[in-house]
Amino acid sequence: MQLYCSTGAFVGKVNNRNYKLIEEVNRAIVCDGFEFMIYESWTDKLLDIARYIRNQCINIPVVHSDKKMGIAISACTHKSHNEAVEKLILNCKAASILGAKYVLIHPWGYPGSDAKIDEIVMFLPELSSICEDSGLELLIEMVVGNLNDPIYNIKKVLGKLPKAKLAVDTRHLAFHGKLESLYRESDLVNNIEHVHISDYVGGTMDWSKMRHVLHPGTGNINFKEFIGFLKSIEYSYGITLESWSADSMKVDTDRINESLEFIRQLA
């Protein structure tokens, strides 16, 4: 398993989405690479940002696409369809510049969420083809839904794209009370090629707790059991730490390294 840190763990609204922080913390964070989080506010300068990061020789194996793409996908209109395609094409260009292997998407987002899951699923092969045409591999994240849980929805996805590569998110599954259920889903575990790790402290579908992206070991998730599950399926891909670790003044690289070491010891 390779351990990555999400740039979304320290580049955010509080520091004006300062992408140059990635260069500053690169040598201080002990990991195998970074998952590069794209923000919509970067749209007009995204390719320039990607070139800047590439020139720092930072390993970026995974690019997390603009989350607003999920909103466009789940709207299921002609206009939103085109918007999602345009966003993905741009994000793939950035990923190619960065030398990434994967582009990760949220396959739905609010307010529509998974209300039109059958229509969403029919759209995903086109998005997969866009990534393939760019020499990239699409990762479909098992994100929260308004109507159904991530496992139910991702089974719908696999019905249309049986070889789809999946990204598991511990917090999203725990939010639905479905993390332990994943361990029994033998029909989809072979599709898992990425993992997002953060902790969760609320009850089932407690929306007031959903945006608290906690460090592993500070919430309710049994990470020893989760990592044991990954070992049991001989998982050999990447694990990204997503837990927020910054304020307006600095990035808490010590806290990031503590959590990475916590995962490393279990793995």
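**Conventions**

A crossing is left-handed if the near helix is turned anticlockwise from the far one by less than a right angle, and right-handed if clockwise. I am working on a predicted model, where local features need pLDDT of at least 70 and side-chain atom pairs count only at pLDDT 80 or more, while totals for chains, interfaces and linings use all residues. Residues are numbered from 1 along each chain as its sequence is written, and side-chain values use heavy atoms, with hydrogens and water left out.

**Entry 1: α10 and α11**

I started with helix α10 (residues 223-232) and helix α11 (residues 253-266); helices here are DSSP runs (H or I, at least four residues), strands likewise (E, at least two), numbered from the N terminus. Their axes are 9 Å apart and the packing angle is about 55°. For the record, axes are lines fitted to C-alpha atoms, for helices over the stretch in contact, and angles run from 0 to 180 degrees between N-to-C directions. The angle makes α10 oblique to α11 (under 35 degrees is roughly parallel, over 145 roughly antiparallel, 65 to 115 roughly perpendicular, and the rest oblique). α10 crosses α11 in the right-handed sense.

I then asked which residues of α10 and α11 meet. From α10 I noted F223, K224, I227 and K231, and from α11 F262, I263 and L266; contact means heavy atoms within 4.5 Å. By class, the contact of α10 with α11 has five nonpolar, no polar and two charged residues. The classes are nonpolar (Ala, Val, Leu, Ile, Met, Phe, Trp, Tyr, Cys and Pro), charged (Asp, Glu, Lys and Arg) and polar (the others, Gly among them).

**Entry 2: α5 and α6**

Next came helix α5 (residues 117-133) and helix α6 (residues 150-160), whose axes come within 9 Å and cross at roughly 45°. That makes α5 oblique to α6, and I found the crossing of α5 and α6 to be right-handed. On the α5 side I listed I117, D118, V121, M122, L124 and P125, which meet N153, K156, V157 and K160 of α6. The contact of α5 with α6 sorts into six nonpolar, one polar and three charged residues.

**Entry 3: α2 and α4**

Helix α2 (residues 46-54) packs with α4 at an angle of about 15°, the axes being 8 Å apart. That makes α2 roughly parallel to α4. I noted the handedness of the crossing of α2 and α4 as right-handed. L46, L47, A50, R51, I53 and R54 of α2 make the contact with L90, N91, K93, A94, I97 and L98 of α4. I get eight nonpolar, one polar and three charged residues for the contact of α2 with α4.

**Entry 4: the cores**

A nonpolar core is a set of buried Ala, Val, Leu, Ile, Met, Phe, Trp, Tyr and Cys residues joined through side-chain atoms within 4.5 Å. How many residues does the largest nonpolar core have? I find 86, and F10, F36 and F226 have the most contacts inside it.

W42 sits in the loop between β2 (33-37) and α2. Is W42 buried or exposed? W42 is buried, with a relative accessible area of 3% (buried is under 20%, exposed over 50%, partly exposed in between, with a 1.4 Å probe and protein chains only). Not counting residues up to four places away in sequence, W42 touches V11, R17, Y19, F36, M37 and I49.

L173 belongs to helix α7 (residues 170-175) and is buried at 0% relative accessibility. Between the C-alpha atoms of L173 and I151, 22 residues apart in sequence, I read 8.2 Å. I151 also turns up among the contacts of L173, alongside M142, P150, V168, K178, L179 and L182, neighbours within four places left aside.

The peptide bond from Y110 to P111 is cis, with omega near 10°, and I placed P111 in the loop between β4 (102-105) and α5. S113 lies in the loop between β4 and α5, and has a positive phi of about 50° although it is not a glycine. S113 is buried, at 0% relative accessible area.

C76, not a glycine either, has a positive phi of about 55°. I found C76 in the loop between α3 (68-75) and α4 (78-98), partly exposed at 23% relative accessibility.
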